[in-house]
Structure formats: structure tokens, C-alpha cells
Amino acid sequence: MRVALVIDRMQPRRGGAEAALCAFGRYLVQGGVEVHTFGIEGPRNEDEQRLAPGEFHDVSGALGMRQKIGTRTHRERAIGAALIQAAKEASCDVTIGVRHLPEVDLYWPHGGGHLATLEAKVKAKASARGRETRSVTAKPAGRHLGFLEMERGLIQGGTARRIACVSELVRDELQSAYPESNPSGRFHVVANGVDLNHFAPTGRTALALDSGVQLPAAPDVPVLAFLARAPELKGLAALTRSLATLLDQPWHLVVAGPKSYRSVESDLQRIGQSTSNHGPNRQSERWTYVPNIDSAALLAASSLVVQPTWRDPCSLTTLEALAAGRRVLTTLANGASTHVLAGAAAPDHGAVSTTDCGSVIASPSDELALGLALREELARTQAWT
């Protein structure tokens, strides 16, 4: 069998959909499947060449990708059509895609529904600016209208034979958005996977950071871990506003992942002014910012993982934290929250659902519930070192 993996950039180190698709491709290769990958950008170095499965086919030349192709919508359509055409010309039996395409055998939308993503982004932006979010709605325009049209064709139009959803949240939102999509037999829930050899339960350890940075907190002080490349979308503003009401409690927040300190500076200053910096890292008595960190090491040093997210179809950080035996505080907007709830009833607005795995609130907009959940989780973790 010849399988085509279709994506814009076949670059495993980008993470997310790229890493997942490449990992799946390597699994297929190990099973004896002939894998071909198609994209407009290929592996960037020897390390990515080693991780990328099968033979890579660069379609950028056929598209003239060194120059712009009309509008962004026209460009996206052209890319999708070229990728599928290249897979057909290579006589592939099955196509697997994670981007919007004119047709595909297996559609694997890691980001979930496009409109739901847009809604979350505008609400997160409003929240970060201290605005009310209940009446905020997305108004798709330009390329986003094109994305929605292509998504409708794949799901409701039936040009995707099967749809793999990373969580029940994604399945439900797609079926709700496209009620005529004939869901019987087409939708399959397959959660993101975790390397259980790398993420396993351990006792709490000290956190060693680059540049000699040490956490300015006693060993018995709870360490709260916030891991995100997109801090606004993952609820950092709501988190720091809630933590600002808990300065009577001992805790230290580690914010890891955002590429720029400027993107988190105003949020972190709510809970303490920067007192030192070591290269790209910044610190105060209450928080530490690091753009890059080994997530397994941070989880091993943490008491609680906090993800008051506005949008996460199936948070890999949540799954890794649970695999590492760490409690998680998150929201129903996280598709992986079902694993934290572990069979418990989902919380209503204003409520907190607490289980052996952590706590879940309905929305990051409910900062009273978030503050209550944080206080309860701190009470649980303060005695654990």
C-alpha cells in the first residue's frame, strides 16, 4: 500500500500537527507501508530528515511558490489542489491530510473546527484586554471564509471519507457545525498520544534551568506550571489576574514556551516585577519565565499544571501531565479535560469539578471559579514536596 501524507510543511520539530503526522508516518513505515509525504516545505536539517517518514515530494516548484499566488484564499486553494494532484500522480492508494483540502481519504483536523478556533481567539484577545467576553463573536472574512468553505466541503460535502477527531470536543463541534455531514461511520475519536517512557510518575524533583537560573522558592512551595506557545489563547491573563488575589498563599509560577518575554510581560507584572534576567529568561520572587524548557523536567518539578485555556482541541500538555502523575487545572474548552474529569460531571458556569486528577471549570471567563479552583488546588499541594 502507498500512503500519502499531505501537509504544508513536513517539519517534525514544528510540533503539533507536523510532529503527529510524521510520528504516524514512521509507525506506518515500521509496519511495511510505503509512505510518501507531500508539502511546500520539507525537512530543514538532518535531524528533521531523520524524523520525517518516507520520501518527501516538494510541490512548491509546480506552484511557483517563490512568488505569491493571488489572494491568500486563492493561494491556499492552489496549495491544497497541488498537494492532492501530486499524491494522485504518485499513484498513492490513501491520502491523509491535516490541512484544508479539496478532497482526502482521512481528514485529521488537529485544530478542530475553524470557526470555533476563531471564536476562541477573539474571546481570548478581549479577555487579555480586560473586556467582557460574553457578547464577543468572530466575524470571519478574507482567507477565513475560504478556510470555512473548504472545511464545509470536506465535512458536509463529503469529500473527506473519514474524519479523525482528537477529542469528543472536536467531534461534537464539527457535527454541530455541519449537521448534514452524515456522521455515522465517518467520525472517529483518537486522542493525542503520549510517550509513556518519557512521561511517567515521579517524586517531585528540583528544576534545573539553563544559564544557572534557580527557582527563588523553598522546596515546599508549590510550583505551578504554565506551558504554552500562545499564552493569550491559553489563558495567561485570566490566570495571573486570579493569582493576584492569592498573594497570601505560597506558590511560584513557571511560564514556559512563549517565544517572547514581551508577550507575557504585562500579565506577569500583575503578580510581581521582574528582579533578574539570565539571557532570555526572566524572574521575580513569584514567577519565572523561560522560552524553552524540557517539559518532562518541568512537570517533574511541578505541583500543579495550570491550563485555563480558551481553546485546545486536545492538550498534549494535559495528557503528559496526567501521565507524569501531576494534577491539572483546566477548562471545558480543553478537549483533554474529559481525562481530568475521569467520569465526573462537567462543571456548570460558576462551579468547579474536582477529581483525583485535578480540577475543571467551565470557562476561563469565570475568574471567580478559577480563583476558587486555584485556592483549592493549592491547599491540596502545599503539603506535598
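This is a predicted model: local features need pLDDT of at least 70, side-chain atom pairs count only at pLDDT 80 or more; totals for chains, interfaces and linings use all residues.

Residues are numbered from 1 along each chain as its sequence is written, and side-chain values use heavy atoms, with hydrogens and water left out.

Let me begin with the cores. A nonpolar core is a set of buried Ala, Val, Leu, Ile, Met, Phe, Trp, Tyr and Cys residues joined through side-chain atoms within 4.5 Å; buried means under 20% relative accessible area, with a 1.4 Å probe and protein chains only. The largest such core has 43 residues, and Leu 21, Phe 38 and Leu 174 have the most contacts inside it. Several elements each supply at least two of its residues, including strand 1 (2-6), helix 1 (16-30), strand 5 (104-107) and helix 7 (168-177). Helices (H or I, at least four residues) and strands (E, at least two) are DSSP runs, numbered from the N terminus. Helix 4 gives the largest share of this core, 5 residues. Apart from this core lies another, of 26 residues, with Leu 224, Leu 239, Tyr 261 and Leu 329 among them.

What does Leu 174 touch, leaving aside its neighbours within four places in sequence? Its contacts (heavy atoms within 4.5 Å) are Pro 109, Gly 112, Gly 113, Ile 155, Ile 163, Cys 165 and Phe 187.

I turn to the strands, which pair if DSSP finds at least two bridges between them. Strand 1 and strand 4 (residues 94-97) run parallel and are joined by 4 bridges; Ala 4 has Thr 95 as its bridge partner in strand 4. Strand 4 is also parallel to strand 5, through 2 bridges, and Gly 97 stands opposite Tyr 107 in strand 5.

Elsewhere, Val 290 is found in strand 12 (residues 287-290). Is Val 290 buried or exposed? Val 290 is buried, with a relative accessible area of 1%. The C-alpha atoms of Val 290 and Ala 256 are separated by 4.9 Å, although these residues are 34 residues apart along the chain.

Finally, the pocket. Helix 5 (residues 114-128) contributes 5 residues, the largest share, to the lining of the second largest pocket.

Methods: Buried means under 20% relative accessible area, exposed over 50%, partly exposed in between (1.4 Å probe, protein chains only).
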